Amino acid sequence: MEQVVLTPLGQNCLQALLKVWLDFDLAVSKVAIVKRLEQGRLSLEDYQKLLLNLRQQVIEGSRWISRSASSFDRDYSDIRSTVIHHAEEEHRDYQLLEADYVAAGGEQSVIESTQKNIGSEALHGFLMYRASQPNPVDLIGAMWIIEGLGNKMATKWSRYINEQFSFENNATSFMDYHGENDENHLQELYNLIDRVATSQKNIDDIIRTAKVVAKLYQLQLEEVDNHE
């Protein structure tokens, strides 16, 4: 990965992001529902609840990404183009998640009407706030965490789920898709790191946002067991 990021400041930013990711990965592995998933103790109801709670974060994802694109001025038009492309690719991802929920025995009307859990509310509120600021380069830190989840965890989680359950139809299409495609999105992020890690302030902002998003995403997963 370090060979992809070429500038000295970009290297510093990447190394700091990797540290944030490792801390996040360790914290997520301790969340109750993730422990049950990875230890082969997940119930079908658990999996339905996981999908139900992830859906709201996913459906809001393209909104904050699109908002951030509109906040970049002409000096960052290249970044705006990359972000718009990213939003276009992902704005219908929630439909895969809904199909998985139904394939796992859930009702379409339930997943369509369930509100965000507390962690999802906090995560979405923070991301929309940051996306509304002028030239929000710090959101690369947010993308690092969220895209990293897809790249590093989705394929593994899909395998664990399919080892524990037998579905008549594919019920892990959302995770399978992100496990395959988020590698390309991470490549885009490496390019963006070189582009925006042009000062220590930018790096500090990116790392802070990555840390906040990591903590709020962890809260979102913790709240899966509490959300009604």
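Biologist: How much space lies in the largest pocket?

Modeller: Bearing in mind that this is a predicted model, the largest pocket holds about 190 Å³ of space.

Biologist: And which residues line the largest pocket?

Modeller: The lining is made of A16, K19, V20, D23, F24, A27, K211, A214, K215 and Q218. The elements that contribute two or more residues to this lining are α1 and α10, and α1 gives the most, with six residues.

Biologist: How does the lining of the largest pocket divide by class?

Modeller: Five of its residues are nonpolar, one is polar and four are charged.

Biologist: Staying with α1 for a moment, which of its residues are buried?

Modeller: The buried residues of α1 are G10, Q11, C13, L14, L17, V20, W21, F24 and V28. V20 and F24 are also named in the lining of the largest pocket.

Biologist: Changing topic, how many cavities of 30 Å³ or more does a search of the whole structure find?

Modeller: The search finds four, and the largest cavity contains about 400 Å³ of space. Its lining has 23 residues, with V58, I146, F174, H178 and Y217 lying nearest the centre. The elements that supply two or more residues to that lining are α3, α4, α8 and α9, while the largest share, eight residues, comes from α8.

Biologist: What about the classes in the lining of the largest cavity?

Modeller: That lining divides into 13 nonpolar, six polar and four charged residues.

Biologist: Last one: at what angle do α3 and α10 pack?

Modeller: Helix α3 (residues 44-70) and helix α10 (residues 200-222) pack at about 145 degrees, with their axes 10 Å apart. In this contact, α3 uses L50, N53, L54 and Q57, whereas α10 uses Y217, Q220 and L221. By class, four of the contact residues are nonpolar, three are polar and none is charged.

Notes. Residues numbered from 1 in each chain as written. Predicted model: local features only at pLDDT ≥ 70, side-chain atom pairs only at ≥ 80, totals over all residues. Heavy atoms only, no water. Buried < 20%, exposed > 50% of the residue type's maximum accessible area, 1.4 Å probe, protein only. Helix = DSSP H or I, 4+ residues; strand = E, 2+ residues; numbered from the N terminus. Axes fitted to C-alpha atoms, helices over the stretch in contact; angles between N-to-C directions. Contact = heavy atoms within 4.5 Å. Nonpolar A, V, L, I, M, F, W, Y, C, P; charged D, E, K, R; others polar. 1 Å grid on protein atoms, 1.4 Å probe; cavity = no way out; pocket = protein on both sides within 12 Å on 5 of 7 lines; lining within 4 Å. Points joined across faces, edges and corners; volume = space filled by probe spheres on them.
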